[in-house]
Amino acid sequence: MVESADTLAIGVPAVRHIKRKIPDAEIHVLTHGAGAELLALAALDLSILTLEKGFWHDEILQAMEAFIWAADAIIGHEFDHIINLVTAFMHLMCARFLIHA
């Protein structure tokens, strides 16, 4: 989740909804910035994966390297389902790549 408002308005309700529908779900959220702190405060019983500050670069080649690293890390977890809740460019590219992984 990109912005604090997105974390509070979209992320927290989405995690709560999933927990209601699938109580045994093991949920991992990939976030950065204040997102990790906000999710921890919400006490949602989930694993928070936090990207370091400046992870997504403005330069396209550095951004692509970061995207490949993030996608590889996500694939390495062998999740059953991946839900993308953001619409930022690099996140969408990552989600598109993961569809075919």
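I started at D45, which counts as exposed at 65% relative accessibility. The model I am reading is predicted.

I then looked for the partner of D45. The side chain of D45 meets that of K19 in a salt bridge, at 3.7 Å from N to O. The pair links distant parts of the chain, 26 residues apart. I placed D45 in the loop between α2 (34-41) and β2 (47-51), and K19 in helix α1.

Is K19 buried or exposed? I found K19 buried, because its relative accessible area is 18% and the cut-off for buried is under 20%. D45, by contrast, is on the exposed side at 65%.

I searched the whole structure for salt bridges and got 1.

Next I checked the nonpolar surface. I10, I83 and L85 make a nonpolar patch of about 250 Å². I traced I10 to helix α1, which covers residues 4-21. I noted I10 as partly exposed, with a relative accessible area of 36%.

I went on to the layout of the chain. I counted 4 helices and 2 strands. Read from the N terminus, the order of elements is α-β-α-β-α-α.

The chain has 101 residues, and 31% of them count as buried.

Notes: Residues are numbered from 1 along each chain as its sequence is written. This is a predicted model: local features need pLDDT of at least 70, side-chain atom pairs count only at pLDDT 80 or more; totals for chains, interfaces and linings use all residues. Side-chain values use heavy atoms; hydrogens and water are left out. Buried means under 20% relative accessible area, exposed over 50%, partly exposed in between (1.4 Å probe, protein chains only). Patches are made of residues with over 30% relative accessible area and no salt bridge: like charges are joined within 9 Å, nonpolar side chains (Val, Leu, Ile, Met, Phe, Trp, Tyr) within 5 Å. Accessible areas come from the Shrake-Rupley method with a 1.4 Å probe; for residues, only the protein chains shown count as cover. A salt bridge is a side-chain nitrogen of Lys or Arg within 4 Å of a carboxyl oxygen of Asp or Glu.
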